[in-house]
Amino acid sequence: MKPTHPGHLVGVLVIVALIAWAVISRVYADLPLMPWTAIPTVLLLAIGEGYSGWVTKARIARRPGTKPVEPLAVARLAALAKASAYAGAGFGGLFAGFALYTVQLLDRDTPRTEFFVATGSFVSCVALICAALYLEHACRIPTEQDEADQRD
């Protein structure tokens with residue numbers, strides 16, 4: 001499996017944001033209010049993936065006090081990281097499109113609230129993308145140069 005390229009994630013985010021903005025501009029009045037619960041949910045996922053990356057990196061490096069990690073578990077974590085990065089980019093684009101539309105309506109109470117919810121959700125999706133990329137990086141097999149640097 002090849003590492004996730006951040007440029008692809010940015011492309012997904014931008015394309016989804018533009019599509020979401022185009023759709024939302026036509027159907028905004030018919031949409032229900034955006035729930036704020038996406039923010040803590042996605043942030044908890046980001047924290048979990050970041051912690052998993054930290055633990056996995058220590059276990060792969062065989063730091064004292066850690067158990068060796070099973071290769072299949074690392075492969076599953078890498079797949080989770082890749083999926084989370086793309087899901088975060090997709091949902092981040094959706095929230096960005098929503099924020100782009102509601103930013104022009106900040107003089108009204110409901111769109112202003114939805115702008116802040118969409119912006120917070122977008123930021124939490126960016127945190128998830130960063131955590132997923134870190135977890136994916138932590139799942140890499142160390143090269144001989146990395147091992148030599150750790151011994152020094």
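Is Y101 buried or exposed? With a relative accessible area of 13%, Y101 is buried. The structure described here is a predicted model.

## The aromatic pair of Y28 and Y101

A pair of aromatic rings is described by the distance of the centres and the angle of the planes. In this model the count of aromatic pairs is four. One of them joins Y28 and Y101, with 5.2 Å from centre to centre and 50° between the planes, and this pair is tilted. Y28 sits in the loop between helix 1 (6–27) and helix 2 (38–60), while Y101 belongs to helix 3 (residues 71–102). The pair thus links distant parts of the chain, 73 residues apart.

Y28 has a relative accessibility of 15% and counts as buried. Y101, at 13%, is buried too, because the limit for that class is under 20%. Together with F98, the residues Y28 and Y101 form one aromatic cluster.

## Helix 2 against helix 3

How do the axes of helix 2 and helix 3 cross, and within what distance do they come? They come within 11 Å and cross at roughly 150°. Helix 2 is therefore roughly antiparallel to helix 3, since an angle over 145 degrees counts as such. The crossing in which helix 2 passes helix 3 is left-handed.

Residues from both helices meet here. On the side of helix 2 they are A38, E49, T56 and I60. On the side of helix 3 they are V74, L77, L80, A81, S84 and F95.

E49 lies in helix 2 and is buried, its relative accessible area being 6%. Apart from neighbours within four places in sequence, E49 is in contact with L80, A81, S84, L128, A131, A132 and L135. One of these residues, S84, is 35 residues from E49 along the chain. The C-alpha atoms of E49 and S84 are separated by 9.0 Å.

A58 is also placed in helix 2. Its relative accessibility is 12%, so A58 counts as buried. When neighbours within four places in sequence are left aside, A58 is in contact with R63 and T66. A58 and A138 are 80 residues apart in sequence, and from C-alpha to C-alpha they are 8.5 Å apart in space.

R62 is found in the loop between helix 2 and helix 3. The phi angle of R62 is near 55°, a positive value in a residue other than glycine. R62 is exposed, with a relative accessible area of 65%.

## Cysteines without a disulfide

How many disulfides does a search of the whole structure find? The search finds zero disulfides. A disulfide is a covalent bond between the sulfur atoms of two cysteines.

C130 counts as partly exposed at 48% relative accessibility, whereas C139 counts as buried at 9%.

Note on methods
Residues are numbered from 1 along each chain as its sequence is written. This is a predicted model: local features need pLDDT of at least 70, side-chain atom pairs count only at pLDDT 80 or more; totals for chains, interfaces and linings use all residues. Side-chain values use heavy atoms; hydrogens and water are left out. Rings of Phe, Tyr and Trp (its six-membered ring) pair if their centres lie within 6.5 Å; planes under 30 degrees apart count as stacked, over 60 as edge-to-face and the rest as tilted. Helices (H or I, at least four residues) and strands (E, at least two) are DSSP runs, numbered from the N terminus. Buried means under 20% relative accessible area, exposed over 50%, partly exposed in between (1.4 Å probe, protein chains only). A disulfide is a pair of cysteine sulfur atoms within 2.5 Å. Axes are lines fitted to C-alpha atoms, for helices over the stretch in contact, and angles run from 0 to 180 degrees between N-to-C directions. Angles under 35 degrees count as roughly parallel, over 145 as roughly antiparallel, 65 to 115 as roughly perpendicular and the rest as oblique. A crossing is left-handed if the near helix is turned anticlockwise from the far one by less than a right angle, and right-handed if clockwise. Contact means heavy atoms within 4.5 Å.
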